[in-house]
Amino acid sequence: MEKFPWWTDAQVKLADEVESFIDEIRPEAERAWYNQEYPRNIMEEAAKRGFMAVDLPKKYGGTEHGLTGACIVCETFNRVPSLGISYLVTMLGGNHQLHLYGTEEQRAKWMPMMAKGQLAGVCITEPFVGSDAAATATTAVKEGDHYVINGKKRFITNAGVAERYMVYARTSEDPNDRKKYKHLSAFIVTKGMPGFTLEKINDLIGIGYTPNGALSLDDVEVPLENMVGKVGDGWIAMMSGLNYERTLGASMLVGMQRECISYPVWYMERRVQFGALTSERQTNQFKMANIIAKLKLARLMLYHTAHIIDSGEEGATESAISKSYASDTLFESSAEAIQLIGGDGLTKFYPVEWIMRDAKVHQITMGTNEIMRSIIYRAGLSEIKEDIKVVHKRVIDDELGVPISTVRSGSKSQIDEDKLLKLLANDYRANPGLHMSRADIKEDFDVEDGKLDDLLLSLEGEGLVDLYKDRKGRISLVKATYPALQKANPLEYYRWFPAWYKEEDKF
Ligand SMILES: Cc1cc2nc3c(=O)[nH]c(=O)nc-3n(C[C@H](O)[C@H](O)[C@H](O)COP(=O)(O)OP(=O)(O)OC[C@H]3O[C@@H](n4cnc5c(N)ncnc54)[C@H](O)[C@@H]3O)c2cc1C
């Protein structure tokens, strides 16, 4: 496995250990897959070797390799079918949430079991709750020394095989709590609690024979001490868990991307067509080059994300980029990997077809890639807002007659109708298709919002401006109408032609 310079010596060593573990168990993993079995023995052996404990504190049996360590394990596990996703959800079933929000008693109780490899699941999704996780309908009502949980969860990975489930439920119906995202709480629910039953196992396109299914919670009495965090902390626990999950999920995806190189290269170096190896065809080399480039970029982003989360950052934007980029590129790369092999690539005898099926799954799991893009747009833009700020004003240069970025003078004058129309007309020359924002106008005029509104509404009444209002009905943008442009300046003011344009063609 290619190591990164910021990995610790212990993480480098872990990478070598887990690689040799996967080489060792690959035959058994493939056999389990052909037999349509969940690879329970391998997961148990993985726990014995300490791979389930990599992101746990030493005092609870862990090895403290951080999320980076968990990614190293998860990446390597997913070089074979079924293992990576089961590892992933086991790591998510409370590990990170207990780190951040658990009490010392809770950590002391659950973490040693996690270190020993107790399988886990995460229960967010419900029949009527998918991407909109805040709409969770499962309820938890406090009664004496326990909560009573009722509801249904679906698409739960490790359903049935897991002993421990991180369940998110609604603990408040107060609209104010809902508005502040304080309406959910997180609970550890364990297999065997009366009323907690397995409802269905899905037969899916991918994820091998790691079970995925629906669970029913019917009057399940969960002790108070199983609540992780305080009442109302469910949403933040879920979100921080999801950033962790998406990063770990991306590692699973790059593990599969590596396999999209392994077997196709091995195959092409043995396949002769038209008297030459298929690996010698430049079109095939270019396809492989693209797969390599995507793998390298996905790995770089994911281990950068793991590193910043390990350093205490939330990493919401980075984990959304890691997950969506790794799954989209995996889908492309796995299709190309099959193409490189040809017909054999479509058979189960060469281990690439399962990767394409898994890749499709992961464009949807852990938050769909559309939801990832919403996060990247919203959070990503806000994080870099200072870096992308347009600090200059676009002003028509007297000599060139074209918009040139100009340092803002900072001086402001008193506003009146004529001056405002002149400003709007001037802006029309620089940005003919754009409105001016309230902030743009206030850079030139010393005017209070109320007075500006009055003026704009009066100009609107005269048909001299068009106003654009935001969702709350506030005037946010304004542009001059054609009559206003005519009123503000003669026609000549707006004309401009490049030097090469012939005089005789102007009219
Ligand atoms: C194999 C597998 C394993 C899973 N494991 C787990 C698990 O362990 N635990 C768990 O809790 N859940 C799990 N899930 C559920 C998974 O997280 C959800 O399937 C996923 O969040 C999407 O929800 P949905 O399927 O209901 O789609 P919907 O939310 O109904 O979305 C349908 C489509 O509409 C788009 N869409 C919806 N809202 C918007 C929006 N606002 N903007 C743009 N596009 C939008 C989506 O991107 C998608 O393309 C798993 C799912 C699968 C398939």
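**Figure 1. Thr76 has its place in helix 3.** The view is taken from a predicted model, in which local features need pLDDT of at least 70 and side-chain atom pairs count only at pLDDT 80 or more, whereas totals for chains, interfaces and linings use all residues. Residues are numbered from 1 along each chain as its sequence is written, and side-chain values use heavy atoms, with hydrogens and water left out. Helices (H or I, at least four residues) and strands (E, at least two) are DSSP runs, numbered from the N terminus. Thr76 has a relative accessible area of 0% and is therefore buried (under 20%; exposed is over 50%, partly exposed in between; 1.4 Å probe, protein chains only). Leaving aside neighbours within four places in sequence, Thr76 is in contact with Met1, Val18, Glu19, Ile22 and Arg258 (contact: heavy atoms within 4.5 Å).

**Figure 2. Helix 1 packs against helix 3.** Axes are lines fitted to C-alpha atoms, for helices over the stretch in contact, and angles run from 0 to 180 degrees between N-to-C directions. The crossing of the two helices is right-handed, the near helix being turned clockwise from the far one by less than a right angle. Helix 1 contributes Gln11, Leu14, Ala15, Val18, Glu19, Phe21 and Ile22, which meet Thr68, Gly69, Ile72, Val73, Thr76 and Phe77 of helix 3.

**Figure 3. Tyr87 lies in helix 4 (residues 83–92).** Tyr87 is buried because its relative accessible area is 0%. Beyond its neighbours within four places in sequence, Tyr87 is in contact with Met43, Phe51, Met52, Val54, Ala70, Val73, Cys74 and Phe77. Tyr87 and Met43 are 44 residues apart along the chain, yet their C-alpha atoms are separated by 7.9 Å.

**Figure 4. Strand 4 (residues 164–170) is mostly covered.** Seven of the seven residues in strand 4 are buried. Arg164, Met166, Tyr168 and Arg170 point one way, while Tyr165, Val167 and Ala169 point the other way. Strand 1 (residues 120–123) runs parallel to strand 4 and is joined to strand 4 by four bridges; the partner of Ala120 in strand 4 is Arg164. Strand 5 (residues 184–190) pairs with strand 4 in the antiparallel sense over seven bridges (a pair needs at least two DSSP bridges), with Val167 opposite Phe187.

**Figure 5. Three strands form an open sheet in the order 13-15-14, with antiparallel pairing.** Strand 13 (436–437) and strand 14 (465–469) are the edge strands, each pairing on one side only. Five bridges link strand 14 to strand 15 (residues 475–480) in the antiparallel sense, and Tyr468 has Leu477 as its bridge partner in strand 15. Helix 16 (residues 449–461) lies across strand 14 and strand 15 and runs at about 125° to strand 14.

**Figure 6. The chain is divided into four domains.** These are domain 1 (1–118), domain 2 (119–232), domain 3 (238–386) and domain 4 (393–498), with bounds that come from an automatic or database domain assignment. The C-alpha centres of domain 2 and domain 4 lie 54 Å apart.
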